Amino acid sequence: MGEQDRDAAALEALRWLIEAGADEAVAEAAVDRYAVAAAPPSVAKTPASPPRIATSELSPRPPDPSPPVWAPVAAPPAPPQELLEDARRLAAAAADLNALHDSIRAFDGCSLKQSATNTVIYRGNPESKIMLIGEAPGREEDLQGRPFVGAAGQLLDRLLTWAGFDPEDVFITNLLFWRPPGNRTPETREIALCLPFIERHIVLMQPEYLLLIGNVSTQALLGQKGGITRLRGRWFPYSQEGLGAPVPAMAMLHPAFLLRQPAQKRLAWRDILAFREAVTGGIKAI
Ligand code: URA
């Protein structure tokens, strides 16, 4: 196996782990469990279980001066201060939802806009007290200019409906208003430039409940340590200037993840039912 193939296999393995829910590194260096297991002779003599991966491909590599492909890369540059100030000024100046949506459409500071077909802002009921915030538009959303209308959105609607919500009667938006090319994970600077708009969105909506869909919106809005697999199903107070009181916010697994990992739907189901129960019964305390 050549170096390129090996790197591609490592990347593929990393992708698989992320999709399976691994969202945190627990050590500085990877541990080759196959090599560890192969070490004691007694283990080596026991009848081998069917090999899943050729261990020769996974045996320790010779020392490599270049960093492993999964090493954290340098943080992407922060957005230029003037763009950030532009976003904050435009968002703060919006007196109502319509003005805010016009400001978002007029904002050219986020480079994602250049490759996007449409600015995707919201669907559902702007008067709703329940606000759902996803990550970013995907292909279908970019084409139609409405959030959560692709396969993930259809699953979200099914979950909402099963739990007793009318998807047309909640307010559904995203942290980012433009599709990241190829649906890649949004970069820190892209999130930073959209954040003033979503924060203003929350202040103008004054929601009674927030449902944060997926890791990216959960991290950006709650700033909690830990990934979505630890944070999902829990309540957090969301506070910011302009809100009378902290808003109870729950995080849930992203439906795009559920499409790839259907076994995890039971967790999403449990979370959305708990969310529904809080909304109908009135949450006691966070
Ligand atoms: N995923 C999201 O987070 N938002 C969408 O609008 C569609 C898919």
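Guide: Helix α11 is followed by Gly223, which has a positive phi, near 55°. Helices (H or I, at least four residues) and strands (E, at least two) are DSSP runs, numbered from the N terminus. This is a predicted model, in which local features need pLDDT of at least 70 and side-chain atom pairs count only at pLDDT 80 or more, while totals for chains, interfaces and linings use all residues. Residues are numbered from 1 along each chain as its sequence is written, and side-chain values use heavy atoms, with hydrogens and water left out.

Visitor: Which residues of helix α11 are buried?

Guide: Buried means under 20% relative accessible area, exposed over 50%, and partly exposed in between (1.4 Å probe, protein chains only). In α11 (residues 215-222), the buried residues are Val216, Ser217, Thr218, Leu221 and Leu222. An α-helix has 3.6 residues a turn, so residues three or four places apart point the same way.

Visitor: What covers the buried residues of α11?

Guide: The cover includes α10 (188-205), β4 (209-213) and β6 (247-252). Ala249 lies in strand β6 and is buried, with a relative accessible area of 0%. Contact means heavy atoms within 4.5 Å; leaving aside neighbours within four places in sequence, Ala249 is in contact with residues including Leu222, Trp235 and Tyr238.

Visitor: Which residues touch the most other members of the largest nonpolar core?

Guide: A nonpolar core is a set of buried Ala, Val, Leu, Ile, Met, Phe, Trp, Tyr and Cys residues joined through side-chain atoms within 4.5 Å. Among the 39 residues of the largest one, they are Trp178, Leu221 and Tyr238. Helix α10 gives the most to this core, with nine residues.
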